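Work through these exercises with the structure open beside you. Try each task before you read its solution.

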Amino acid sequence: MTSLDLLFAGFGLLAVVAGMLAVTSGRVVHAGLWLVVALLAVAGCYLVLAAELVALVQVLIYVGAIVVLVLVALMLTRSPIQASGTASVPGMHRVLAAVIAAGTAGLVAVVLWPLAGPAVPRAGIDSTVLAEHLFGVWVWPLELLSVLLLVALVGALAVWRRSATPGAAPGSGAGADRS
Amino acid sequence: MIHLHGPILLAAALVGIGLYGALSRRNAILVLVGVELVLAGASVLLVSAGSLGLDTLSAGGTLALFVITVAAAEVSVALAVILAAHAQRGTIDLDQGSPDGPELGQRS
């Protein structure tokens with residue numbers, strides 16, 4: 001066990017515990033907040049692996065934008081603040097879900113375990129080299145992702161506008177010209 | 001020097017926990033929380049593969065950034081759909097059927 005192993009294990013344990021609390025908590029807002037802790041712990045794991053740019057982007061976008069969106073949506077849908085027994089499905093389905101989840105996790109671990117051998121040097125992900133490759137080798141997927149984000153933005157707005165105008169008949173086109 | 005057992009176990013655990021969350025939650029937004037955990041597990045595996053120094057094209061780091069971007073786009077569209085469903089039905093409880101019957105998008 002090297003020191004990097006111990007650091008990674010610490011952050012990993014935090015991520016696993018926070019993740020379990022996020023998926024089992026009876027209060028929905030607490031589940032969102034435990035997701036913040038889990039994703040921050042994953043960013044800590046990235047720092048242990050010396051991938052600073054990915055860790056910063058994770059904190060900025062995953063924690064800073066996605067979880068904020070989740071919490072705002074929880075508020076807009078008037079989710080209950082107090083502990084509620086109706087946050088998860090009833091007993092037998094939950095056991096079945098746990099069995100399926102444990103099976104999947106076991107499958108992933110068993111398939112990947114032979115790849116782990118003795119200790120390997122951790123070179124990290126250099127931000128300069130990553131930036132060169134991102135705009136060099138990966139420039140086409142990068143630009144397509146920009147288009148994807150634009151499409152997602154317009155699509156989300158269109159879905160919201162269609163539902164906000166109750167008289168909109170299906171197939172009447174974009175509701176953008178009714179204001 | 002790092003052993004790869006840690007990242008592999010963490011990725012498997014996050015995938016399993018996220019899958020449990022996606023399967024066992026009644027609130028549609030909490031299902032999304034589970035899906036985010038699965039994506040985080042996959043990104044951990046990508047970044048740990050990319051940080052070993054064998055990655056000549058920076059595929060590990062780049063694909064992790066792409067996963068984060070796609071997750072952001074997916075969450076925004078999914079939340080828009082969930083909010084629209086809430087506006088139409090008044091609830092986002094996945095265990096309750098639609099009040100108008102099984103057809104979607106019909107208003108009585």
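**Exercise 1. Find the salt bridge.**
Task: How many salt bridges does the rule count over all chains, and which residues form a salt bridge with each other?

Solution. 
Step 1. Start with the count. This is a predicted model. Over all chains, the rule gives 1 salt bridge.
Step 2. Name the partners. B:D93 pairs with B:R26. Their closest N and O atoms are 2.9 Å apart. The cut-off is 4 Å, so the pair qualifies.
Step 3. B:D93 sits in the segment after helix 3 of chain B. B:R26 sits in the loop between helix 1 and helix 2 of chain B. The two are 67 residues apart, so the pair links distant parts of the chain.
Step 4. Check the interface of chain B and chain A. The rule finds 0 salt bridges across it.

**Exercise 2. Describe the interface.**
Task: What area is buried between chain B and chain A, and how many residues does each chain bring to the contact?

Solution. 
Step 1. Take the area. The size of an interface is often given as the accessible area lost when the parts come together. Between chain B and chain A, about 6900 Å² is buried. Carbon and sulfur atoms give 79% of that area.
Step 2. Count the residues. Chain A brings 81 residues and chain B brings 69 residues.
Step 3. Look for polar contacts. Across the interface, 13 residue pairs are in polar contact, both residues at pLDDT 80 or more.
Step 4. Trace the side of chain B that touches chain A. Helix 1 (5-24), helix 2 (28-50) and helix 3 (59-89) of chain B each supply at least two residues. Helix 3 of chain B gives the largest share, 23 residues.
Step 5. Sort that side by class. It has 45 nonpolar, 19 polar and 5 charged residues.

**Exercise 3. Locate a surface patch.**
Task: Which residues form a nonpolar patch on the surface?

Solution. 
Step 1. List the members. They are A:L13, A:V17, A:L21 and A:W34.
Step 2. Together they have about 340 Å² of accessible area.
Step 3. Find the main source. Helix 1 (residues 3-24) of chain A gives the most, with 3 residues. A:L13 lies in this helix 1 of chain A.

Notes:
Residues numbered from 1 in each chain as written. Chains lettered and ligands numbered in written order. Predicted model: local features only at pLDDT ≥ 70, side-chain atom pairs only at ≥ 80, totals over all residues. Heavy atoms only, no water. Contact = heavy atoms within 4.5 Å. Buried area = accessible area lost by both parts, 1.4 Å probe. Salt bridge = Lys/Arg side-chain N within 4 Å of Asp/Glu carboxyl O. Polar contact = N/O pair within 3.5 Å; in protein donor to acceptor, adjacent residues only side chain to side chain. Helix = DSSP H or I, 4+ residues; strand = E, 2+ residues; numbered from the N terminus. Nonpolar A, V, L, I, M, F, W, Y, C, P; charged D, E, K, R; others polar. Patch = residues over 30% accessible without salt bridge, like charges linked within 9 Å, V, L, I, M, F, W, Y side chains within 5 Å. Areas by Shrake-Rupley, 256 points an atom, 1.4 Å probe, with all protein chains shown as cover.
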